[in-house]
Amino acid sequence: MRVKYQNPPINEVIIGAYFDQPIMSLHSEHIGVFWSQIRSEFPTIQQQPELSLPIVGPNFSIQFGMTDEPYPMPRFWLSSEDGTILIQIQKNAFILNWRKREGAYPHFDSVKGLFDKYYNIFLSFLRSELQVENVNIQVVELTYSNLIEPGSYWTNALDTPRLLPSLAILDVGVPTEAAPDFNYVTAYRFAPDLTLNVAVRTGRKTTDASKSVLVFELRAVGALGVASKTEADRWYDRAHDTIGRCFTAMTNPDIQRNHWQEE
């Protein structure tokens with residue numbers, strides 16, 4: 001059974017769909033037309049470099065790149081007014097990010113509902129404007145990024161085993177000036193189409209570079225071959241269940257109970 005928390009440390013959730021073929025008829029001017037349909041909800045648009053998604057897991061590695069074009073279409077960011085919701089579009093991908101600002105995390109069903117809503121609007125646009133009838137999904141992604149700031153249960157890297165009891169930080173055996181920084185990444189394969197990449201790393205607080213933060217990221221990826229949206233939806237549910245179970249199993253029950261508070 002999935003466990004929900006009232007105050008989870010979630011900082012960002014990413015839901016991504018990568019197509020089996022780039023939509024070659026989609027160009028920058030079309031993104032402007034699409035944006036006009038949802039501009040009241042996403043008033044800011046930006047161009048970004050093309051995004052490629054490497055999938056690294058046991059026994060396989062896939063790298064997506066764009067086809068050769070003299071003037072390749074960039075990736076576009078469409079942001080909500082408060083910056084909480086970000087839509088990313090490029091020729092071979094549609095991605096939605098929820099990013100923490102002032103409000104509480106609305107939970108997966110709400111974020112997934114937004115992804116479904118705008119993905120369907122995008123598909124309708126492709127059909128009406130470009131006569132693209134079928135878009136198959138080859139790769140799917142679901143990422144939960146947790147940000148731990150200094151507080152009552154974590155102050156620096158040396159406190160990380162308290163939060164994640166199975167993680168051990170190497171002791172160099174001699175005194176150091178400060179707590180160490182680290183970047184720990186590992187991949188766990190749960191099924192042929194579901195690999196969970198777990199990253200635990202230290203960083204610096206954006207508003208105060210002298211203070212450390214801990215990033216704890218669980219990124220599920222899967223290669224589906226040629227899949228429909230319905231098949232992808234079933235994968236997102238499985239990935240969400242896997243991430244939730246692993247998050248609960250990996251973290252300290254006392255911190256879950258006293259700080260994040262199970263609903």
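When I say that two residues touch or are in contact, I mean that they have heavy atoms within 4.5 Å of each other. Please keep that in mind while we look at this structure, which is a predicted model, in which local features need pLDDT of at least 70 and side-chain atom pairs count only at pLDDT 80 or more, while totals for chains, interfaces and linings use all residues. Residues are numbered from 1 along each chain as its sequence is written, and side-chain values use heavy atoms, with hydrogens and water left out.

Let me begin with Pro-150, which touches Thr-155, Ser-212 and Val-213, if we leave aside residues up to four places away in sequence. Pro-150 sits in the loop between strand S8 (137-148) and helix H3 (160-163), where helices (H or I, at least four residues) and strands (E, at least two) are DSSP runs, numbered from the N terminus. Is Pro-150 buried, partly exposed or exposed? We call a residue buried under 20% relative accessible area, exposed over 50%, and partly exposed in between, using a 1.4 Å probe and protein chains only; Pro-150, at 38% relative accessibility, therefore counts as partly exposed. Pro-150 also lies 9.4 Å from Lys-205, C-alpha to C-alpha, although the two are 55 residues apart in sequence.

Now to the interior. In soluble globular proteins, nonpolar side chains tend to be buried together. By a nonpolar core I mean a set of buried Ala, Val, Leu, Ile, Met, Phe, Trp, Tyr and Cys residues joined through side-chain atoms within 4.5 Å. The largest such core here has 65 residues, and those with the most contacts inside it are Leu-26 and Leu-126. Which helix gives the most to this core? That is helix H2 (residues 108-130), with ten residues. A second, separate core has five residues, among them Ile-14, Ala-93, Ile-95 and Val-139. As for Leu-26, and leaving out residues up to four places away in sequence, its contacts include Ile-31, Met-73, Ile-89, Phe-122, Phe-125, Leu-126 and Leu-130.

Next, the way H2 packs against other helices. For this we use axes, which are lines fitted to C-alpha atoms, for helices over the stretch in contact, with angles that run from 0 to 180 degrees between N-to-C directions. Angles under 35 degrees count as roughly parallel, over 145 as roughly antiparallel, 65 to 115 as roughly perpendicular, and the rest as oblique.

The axes of H2 and helix H4 (residues 229-250) are 12 Å apart, and the two helices pack at an angle of about 160 degrees, so H2 and H4 are roughly antiparallel to each other. On the H2 side the contact is made by Phe-108, Lys-112, Phe-115, Asp-116 and Tyr-119, and on the H4 side by Lys-229, Asp-233, Tyr-236, Asp-237 and His-240. If Ala, Val, Leu, Ile, Met, Phe, Trp, Tyr, Cys and Pro count as nonpolar, Asp, Glu, Lys and Arg as charged, and the others, Gly among them, as polar, then the residues of this contact of H2 with H4 divide into four nonpolar, one polar and five charged.

With helix H1 (residues 28-38), the axes of H1 and H2 come within 11 Å and cross at roughly 130 degrees, which makes H1 oblique to H2. The contact of H1 with H2 has eight nonpolar, two polar and one charged residues.

Asp-109, in helix H2, is exposed, with a relative accessible area of 57%, and its C-alpha atom is separated by 9.7 Å from that of Asp-237, 128 residues apart along the chain. Cys-246, in helix H4, is buried, with a relative accessible area of 13%, and touches Phe-190, Leu-196 and Leu-218, not counting residues up to four places away in sequence.

Last, Gln-131, in the loop between H2 and S8, has a phi near 60 degrees, a positive value in a residue other than glycine, and at 55% relative accessibility Gln-131 counts as exposed. Gln-261, in the segment after helix H5 (253-260), likewise has a positive phi of about 60 degrees although it is not a glycine, and Gln-261 is partly exposed, with a relative accessible area of 31%.
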